[in-house]
Structure formats: structure tokens, C-alpha cells
Amino acid sequence: QGTAVVVGASHAGAQVVAGLRQQGWSGRVVLIGDEAVLPYHRPPLSKAYLSGKSAIGELAIRKPAFYAKQEIELRDARVESIERAERRLVMADGHSLSYDKLALCTGGRARLLPVPGADLPGVHYLRTFADVEQIRESAQPGKRAVIVGGGYIGLETAASLLALGLDVTVLEAAERVLMRVTAPEVSAFYERIHREAGVTIRTGALVEAMTGEDRVREVQLAGGERLRADLVVIGVGIEPNTELAAAAGLVVDDGVVIDDNARTSDTDIVAAGDCTSHWMTRYGRRIRLESVPSAGEQAKAAAATMCGKEKTIAALPWFWSDQYDLKLQIAGLSAGYDEILLSSDPTRDRDFTCFYLREQKLIAADCVNRPRDFMRSKQKITEGLEVDRAELVQIAAD
Ligand code: FAD
């Protein structure tokens, strides 16, 4: 079968190499990553690992022995280019490597905030293990942390830094947190929870600059207000790492375009994870998902395709977020909903479900501390049938 090479050693890459062996790839398998550590779970970086509730040993996706036993070669290198005609990769250190089948699992990188001073010491992004180690060093009790971005990562980071004893302010440019992904009721719920815990949440707050001599001291808002800051964490989304694929002439449209079997526009190259863009019939559009479950799902399909087998990417997207004692589980994508239904009162309770409907069909559900609603909602969304309100209330009441 020759050599299978996987570029990017994280959730998708780790699953592709495991899948290759499971699907019977008997040739060489090489996993190339540029983070100098074995593939690790990224979600705890803003949650249990940042707040000190889980140890470094719990982060590895697979133990080192797994790679040895499965005869998976690990290479610490950055791939600079793909020479498709020769089926060869060129690394930053000048070495090259030939492949018979290639998987691109290059993921994403933190989107940079284009304001003066964002490169000062004490200003951090949160994407990698190296990032979180730096944040942990500056996150001493009593320090003032300013978080830029009220998305899931910003809010999780707020909860974790608060648990470490810091004074925490979240700045969100939009009129509410989680605006891109949830209904106003869910945003209001999270704003209330964070305020009750002691976090200052400021919406409509546009950061214009960060200032300081040797390190960041202040964050300046549009309008001139200045906030003191000992450390700043910026969480304003990611950019997919698609340059390698684009330079090699693969079709890229926001992400590396893949079909239902994770195949790119080159039949010898598959792609999986945050770097991909995939047509989802359920939603009638091409979507680039940023989640561990979808990276795993796409990676399984990618491994099967590399082995000449067929496995279709079909699972419903889902996601989760942990903040304080709250476990949010999200089934489906809510964009385009025309109605919501709440199981109970999010202005009062600490557990509820927000069901999102479009034309009487359930398309998504945000379930806070409601694992059973989550399971039932996934099933209902997948069925794709019309639901009535009584039925949804019943799901929530059962
Ligand atoms: P990535 O994890 O981005 O990995 C890509 C890897 O490829 C990186 O190691 C990168 O350095 C490497 N690479 C890129 N280019 C090259 C190259 N040219 N040569 C060599 N190596 C290269 N998802 C959830 O579902 N639930 C959550 O609760 C959740 N929480 C999160 C919290 C944080 C703080 C972060 C940062 C992400 C979170 N996510 C969560 C998202 C989730 O981590 C991503 O969806 C997942 O990591 C995607 O995996 P991936 O393998 O596609 O890409």
C-alpha cells in the first residue's frame, strides 16, 4: 500500500492515523506535526486545564505506546509545500518525503486582533498548549485579566481565570455574548451567570489599542475609556490553515473543499477537521465546522478513503462548552431558525433547553445541564420530521 502521510497532529490527524490501521493500511504511516508535542485534547485548554482542575498527563489523545505499537512514525516538522506531480512533501528543514496517499489535517490558528499593542508581552491568544502555558504563568491570583471576545472560548477562559482568583472583564464588540451562535435568551443566560459569579461583562465594547511599555498595562476602548490589565487573552475566532492546500492548487473556499468521503479535488489527497469546508445537504450549504466531533467524523471517512473503502460524513454536528458547573451541549446548527422554544426559565434556572425550529422542524438545541434533552434532540433533528410544541415540551419534561 505504500506510504500514507498525515500533515497536522491534533484531533483530526490522530484519528486519521488510528483509522488507517483500523481499516487495514499495512504500509508506512507517518504523522507530521509542528507543535513538538504528541496530539493532545484542545478543549481543556480553556476549561479544566487552564483552571488547574486537570493535569497535563490527561491531555494526550493517545499514549506514546499507541503510536509505537501501531507502527506510526511521528515527525516533528513543518510542511512547507506539496509537490503533487511527484507526490512529495517538502519540510521547512529542507527534507522531503514521498507519499502515496496524503491527509491534510492542518486545522486552524487564532485570528489576530488588528489593533496597536496586540503584540505586547502579556497579550495572549488561546489555541495551543504553548499558549496556555504562557497564560498560566501570568495568571496569578489578584491580577486583572481582560478577555477580548465573548464567544465560547472567551467565556470559558473567563470562568477558568476567575477560578484561579483573578479579576476578570470580558469585552464583547457585539451587543451580546455568543451572538453568532445562540438565541438572545441563551446569551442573556450566560451574561447573568458570569455576572453572578463576579465577572464584568461589557458588550458593545470595541477595543482600539493596548498600551504599556515593557508589557501590556491598559486596554483602550473606542470612545477613549482605558481599562487596566495585567494580562489580556484574545479569543476572536480562528483562521483555517489552508495556505498549504491552496499553494498546491487544491480547491479552497474558506476551508479545503472536501466531498462526503473527505476527498479533496486531488483523488490522492483527503482532508479533515477545522481546515475543511464540506457541503452539508441537511443545511443546504458548504460549512466549515470547528469542533472535535466533526474532526473525528471527517477523519474516519478520510482514513477509509485512503484505504480505498467508503465511509460517508453524515453525523449531525454537535459541540459542547463547560463553564462553572454548567455543561452546555449543542445539537445541530441553529443558524436560520425562525422560532425558539424554551423548556424552562433561563432568567431563573441553571438548567434549561433552547430548541431552535425552522418551519416546524427541530434544527438545533442548546441544552444546559440537560443531557437527556440533548440525546433526544439529536434524534429528533436527525429524523427531520415536523415536531409540535407539545412534543418538544414533552421531551423537556420527561
Ligand atoms: P487543530 O486542532 O487546529 O490541529 C491542527 C494541527 O496541525 C496543529 O497542531 C497545527 O500546528 C498543525 N499544522 C498546521 N499546519 C501544519 C504544517 N504545515 N505542518 C505541520 N503541522 C501543521 N471543540 C469542541 O468540539 N468542543 C469544545 O469544547 C472545544 N473547546 C475548545 C477550546 C479551545 C481553547 C480551543 C482552541 C478549541 C476548542 N474546540 C472545541 C475546537 C477544537 O479544539 C477543534 O475543532 C479541533 O482541535 C480541530 O482539530 P484539527 O485536528 O482539525 O485541527
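Two strands pair if DSSP finds at least two bridges between them. Strands (E, at least two residues) and helices (H or I, at least four residues) are DSSP runs, numbered from the N terminus. With that in hand, here is the structure.

This is a predicted model, in which local features need pLDDT of at least 70, side-chain atom pairs count only at pLDDT 80 or more, and totals for chains, interfaces and linings use all residues. Residues are numbered from 1 along each chain as its sequence is written.

**Confidence**
- The protein has a mean pLDDT of 96; pLDDT is the predictor's confidence in each residue, from 0 to 100.
- A value of 70 or more is reached by 99% of the residues.
- Where pLDDT is low, predicted coordinates should not be read in detail.
- For the complex, the predictor gives a pTM of 0.97 and an ipTM of 0.99.

**Overall build**
- The protein contains 9 helices and 27 strands.
- Its radius of gyration, taken over C-alpha atoms, is 22 Å, close to the 21 Å that the globule rule gives for 398 residues, so the protein is as compact as a globular protein of that length.
- The globule rule is 2.2 Å times the number of residues to the power 0.38.
- The C-alpha trace spans about 60 × 60 × 35 Å along its principal axes.

**Domain record**
- UniProt, in an unreviewed entry, lists residues 4–298 as "domain: FAD/NAD(P)-binding".
- UniProt positions are given in the numbering used here, feature names are shortened, and annotations may be inferred rather than shown by experiment.
- Residues 4–298 are 22% helix and 30% strand, and the end C-alpha atoms of this span lie 17 Å apart.

**Around the ligand**
- The shell around the ligand has 36 residues, of which G8, S10, R42, G107 and G273 come nearest.
- A residue is near a molecule if its C-beta atom, placed from the backbone, lies within 6 Å of it.
- Two helices, α1 (11–22) and α7 (292–306), each supply at least two residues of this shell.
- The strands β2 (28–33) and β23 (318–323) also supply at least two residues each.
- The shell divides into 16 nonpolar, 13 polar and 7 charged residues.
- Ala, Val, Leu, Ile, Met, Phe, Trp, Tyr, Cys and Pro count as nonpolar, Asp, Glu, Lys and Arg as charged, and the others, Gly among them, as polar.

**The sheet of 3 strands**
- This open sheet has the order β13-β14-β15, and its pairing is antiparallel.
- Its edge strands, β13 (207–211) and β15 (226–228), each pair on one side only.
- β13 joins β14 (residues 218–221) through 4 bridges.
- T211 has E218 as its bridge partner in β14, and A209 stands opposite Q220.
- The hairpin of β13 and β14 has 6 residues between the strands, and G212 takes a positive phi near 155° there.

**The sheet of 4 strands**
- This open sheet runs in the order β18-β19-β21-β22, with mixed pairing.
- β18 (252–253) and β22 (285–287) are the edge strands, each pairing on one side only.
- β21 (residues 276–280) and β22 pair in the antiparallel sense over 3 bridges.
- H278 stands opposite I287 in β22.
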